[in-house]
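This report describes a single protein chain, from its overall make-up down to selected residues.

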Amino acid sequence: GRCSGTIVQLWYREDSWDHVPADFHCPYQIRLDNGHVICAPKDIDGYIRTTDVPPPNCSICLCNDQTEENFIVRDCACRGTQGYIHLECLKDVAISRAKAEIDSGRADTSGFNPFIHCVTCRLTFSKNSPSSMVLARACYETYSDEDETPWWHSFAAKNLVRNMVERGDDDGAKILLEKRVSMIRLRIKALRKQGYLTYIPAHEIELSELLLESVDVYEKKGMLSEMKPTLDEICRLKEKYEFDGPRQIRINQRLSSHSKLLGDIDSALKYAKEVLREAREE
């Protein structure tokens with residue numbers, strides 16, 4: 001079937017299109033009413049044609065006005081017109097619901113998170129959906145520097161990084177991670193200087209999680225020289241704290257991957273066996 005949408009760019013081409021001739025461009029890039037972006041390779045009725053059908057109304061503000069930054073999406077499993085929502089309305093709902101979760105004390109225990117789940121049907125938004133990226137940025141902007149909500153600013157950074165990586169923005173993810181890691185190191189240093197030692201473990205565990213995200217980005221970018229010291233620091237933190245099973249598995253997966261990239265097959269196999277052993281124990 002056909003999907004309605006809006007043309008957002010003419011003669012579109014992506015740098016990654018190495019498999020097509022250099023002079024080839026799609027006549028149209030189209031943003032569908034569900035928020036996804038596609039291309040029409042030819043200007044013929046089989047691919048694209050005009051429509052008189054108006055866009056659906058947003059289920060929150062009940063308007064159907066759209067802009068390039070604030071268009072209507074449908075990225076969840078809500079039935080009927082309930083699933084259509086402006087990105088800005090979606091963001092406002094998530095921020096409001098997150099505040100309610102924090103005030104009730106359920107924010108990090110209920111399993112529900114308005115920045116990754118639809119507040120109505122509870123479906124997890126796909127990482128490559130417009131909703132996921134907008135909510136990730138909203139969460140980071142809202143909670144990245146609030147000391148009174150440590151779980152949230154840890155989640156906010158990791159969630160935004162994963163969305164950026166999913167969309168191919170490895171450089172942006174690397175810059176964000178380096179900023180967050182530097183900030184946490186300074187915070188740990190200040191706590192140690194002030195004698196607030198009981199607060200340090202939570203920050204060092206958060207540091208280990210962000211360093212793991214950094215390892216993933218370094219691997220994608222082929223930065224082996226950066227992977228090794230980062231993994232070494234994670235291992236030191238692993239010896240200091242009792243990490244849970246999933247985190248131990250992820251650390252050993254990265255150690256195995258790094259060893260393989262360096263040609264150290266024996267170490268790669270050793271860490272892979274650790275992954276299997278820990279997975280069986282989970």
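## Basis and surface

Accessible areas come from the Shrake-Rupley method with a 1.4 Å probe, and for residues only the protein chains shown count as cover. On that basis the accessible surface of the protein chain comes to about 16,300 Å², and 51% of this surface belongs to carbon and sulfur atoms.

The model is predicted, so local features need pLDDT of at least 70 and side-chain atom pairs count only at pLDDT 80 or more, while totals for chains, interfaces and linings use all residues. Residues are numbered from 1 along each chain as its sequence is written, and side-chain values use heavy atoms, with hydrogens and water left out.

## Overall architecture

Helices (H or I, at least four residues) and strands (E, at least two) are DSSP runs, numbered from the N terminus. The protein chain holds 8 helices and 5 strands, and its order along the sequence is β-β-β-β-β-α-α-α-α-α-α-α-α. Along the principal axes, the C-alpha atoms fill a box of roughly 65 × 50 × 35 Å.

Buried means under 20% relative accessible area, exposed over 50%, and partly exposed in between (1.4 Å probe, protein chains only). Of the 282 residues, 41% count as buried. A contact means heavy atoms within 4.5 Å. Among contacts with a separation of 6 or more, 51% come from residues 24 or more positions apart.

Lys and Arg count as positive and Asp and Glu as negative, with His and the chain ends not counted. The place of a charge is taken as NZ of Lys, CZ of Arg, CG of Asp or CD of Glu. There are 39 positive and 45 negative side chains, and the centres of the two sets lie 3 Å apart.

## His86

His86 belongs to strand E5 (residues 85-86). Its relative accessible area is 4%, so His86 is buried. Leaving aside residues up to four places away in sequence, His86 touches Cys58, Cys61, Cys63, Asn64, Asp65, Asn70, Phe71 and Ile72. A polar atom of the His86 side chain lies 2.5 Å from the backbone oxygen of Asp65.

## Aromatic pairs

Rings of Phe, Tyr and Trp (its six-membered ring) pair if their centres lie within 6.5 Å; planes under 30 degrees apart count as stacked, over 60 as edge-to-face and the rest as tilted. The whole structure contains 4 aromatic pairs. One of them joins Tyr12 and Trp17, with ring centres 5.9 Å apart and planes at 80°, so this pair is edge-to-face.

Tyr196 and Tyr199 make another edge-to-face pair, at 6.2 Å centre to centre and 85° between the planes. Tyr196 counts as partly exposed because its relative accessibility is 44%.

## Loop residues

Most residues other than glycine have a negative phi. Leu62, in the loop between strand E3 (37-40) and strand E4 (72-73), has a positive phi near 65°. With 60% relative accessibility, Leu62 counts as exposed. The phi of Arg122 is also positive, near 70°. Arg122 sits in the loop between helix H1 (87-104) and helix H2 (130-143) and is partly exposed, at 43% relative accessible area.

Asn34 lies in the loop between strand E2 (26-32) and E3. Its relative accessible area of 24% makes Asn34 partly exposed. Asn34 and Val73 are 39 residues apart in sequence, yet their C-alpha atoms are 4.3 Å apart. Beyond residues up to four places away in sequence, Asn34 touches Val73, Arg74 and Asp75.

Definitions and conventions
A polar contact is a pair of N or O atoms within 3.5 Å; within protein, one must be able to donate a hydrogen and the other to accept it, and residues adjacent in sequence count only if both atoms are side-chain atoms.
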